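Me: I would like to learn how to read the features of a protein structure, one at a time. Please give me the general idea and then the case at hand.

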Amino acid sequence: QVQVVESGGGLVQPGGSLRLSCAASGSIFTVNAMDWYRQAPGKERELVARISRDGSTTYADSAKGRFTISRDNTKNTNYLQMNSLKPEDTAVYYCNAILVINGLTYSYWGQGTQVTVSS
C-alpha cells in the first residue's frame with residue numbers, strides 16, 4: 001500500500017515563506033514525477049509546480065520566481081519552498097505522486113495541507 005503525506009502548511013504573513021514537504025512511502029515503487037497542486041475556495045484545483053525524476057521542473061506563471069520545487073530521490077520526498085507569499089496563495093495544497101509499480105503507472109494524492117497567507 002502506498003501513502004503520500006504532505007506537511008509544512010500553516011499561517012504566514014504576506015511576504016513570508018513556507019516550505020511544504022511530500023513523502024511517498026509503502027510498497028516497492030519508482031517515483032516518476034511529483035507535483036504540487038492547490039485549490040482555493042470556490043476555485044478549481046490548479047497545478048503549481050512539477051518536478052520530474054530527472055529533476056526538470058515546471059511552474060505555473062503565478063509561482064515563477066517565488067516558488068522552488070526540489071526532490072530527494074533517496075527519500076522519495078519532494079519539497080516546495082514558497083517565498084514572497086501573497087494572500088492569493090491561500091489554498092489547500094495537494095501533493096500528487098506519479099509512481100511506477102510493476103511496470104504500471106499510478107497517481108497518488110495526499111490529503112492536502114492548508115496554507116493561509118494573511119496579516
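Reply: What follows is a short tour of strands, a disulfide, a core and single residues in this predicted model.

Me: Let us begin with sheets. Which strands form the open sheet, and in what order?

Reply: The general idea is that strands of a sheet pair through backbone hydrogen bonds, either parallel or antiparallel. Here four strands make an open sheet, ordered β1-β3-β8-β7, with antiparallel pairing. Because β1 and β7 each have a single partner strand, they stand at the edges, and one side of each is left without a neighbour in the sheet. On average, neighbouring strands of this sheet are turned by 15° against each other, direction ignored.

Me: How many bridges join β7 to β8?

Reply: Six bridges join these two antiparallel strands, β7 and β8. They form a hairpin with four residues between them, and Asn76 in the turn has a positive phi of about 50°. On the other pairing of β8, β3 and β8 are also antiparallel and share six bridges.

Me: Cys22 brings me to disulfides. How many are there in the whole structure, and which residues form the link?

Reply: To read a disulfide, find the two sulfur atoms, then ask which parts of the chain they tie together. A search of the whole structure finds one disulfide. Cys22 and Cys95 form it, with their sulfur atoms 2.0 Å apart. The pair links distant parts of the chain, 73 residues apart: Cys22 is in strand β3 (residues 18-26) and Cys95 in strand β9 (residues 91-101). The angle about the S-S bond is -80°, and the link of Cys22 and Cys95 is left-handed. Cys22 is buried at 1% relative accessible area, and Cys95 is buried at 0%.

Me: Now the core. Which residues touch the most other members of the largest nonpolar core?

Reply: To read a core, ask who belongs to it and which elements supply the members. The largest nonpolar core has 29 residues, and those touching the most other members are Trp36, Val48, Phe67, Leu80, Met82 and Tyr93. Among the strands that each supply at least two residues are β1, β3, β4, β5 and β7. β9 gives the most, with six residues.

Me: What does Leu80 touch?

Reply: Leu80 lies in strand β8 and is buried at 0% relative accessible area. Leaving aside neighbours within four places in sequence, its contacts include Trp36, Val48, Phe67 and Tyr93. Leu80 and Arg19 are 61 residues apart in sequence, yet their C-alpha atoms are 5.5 Å apart.

Me: Why is β9 largely enclosed by the rest of the structure?

Reply: Nine of the 11 residues of β9 are buried, so the strand is largely enclosed. Its pairings can be read in turn. Eight bridges join β9 to β4 in the antiparallel sense, and Asp35 stands opposite Asn96. β9 pairs with β11 over three bridges, also antiparallel, and Tyr93 stands opposite Thr113. With β10, residues 104-109, there are six antiparallel bridges. β9 and β10 form a hairpin with two residues between them, and Asn102 in the turn has a positive phi of about 50°.

Conventions. Residues are numbered from 1 along each chain as its sequence is written. This is a predicted model: local features need pLDDT of at least 70, side-chain atom pairs count only at pLDDT 80 or more; totals for chains, interfaces and linings use all residues. Side-chain values use heavy atoms; hydrogens and water are left out. A disulfide is a pair of cysteine sulfur atoms within 2.5 Å. Buried means under 20% relative accessible area, exposed over 50%, partly exposed in between (1.4 Å probe, protein chains only). A nonpolar core is a set of buried Ala, Val, Leu, Ile, Met, Phe, Trp, Tyr and Cys residues joined through side-chain atoms within 4.5 Å. Two strands pair if DSSP finds at least two bridges between them. Axes are lines fitted to C-alpha atoms, for helices over the stretch in contact, and angles run from 0 to 180 degrees between N-to-C directions. Contact means heavy atoms within 4.5 Å.
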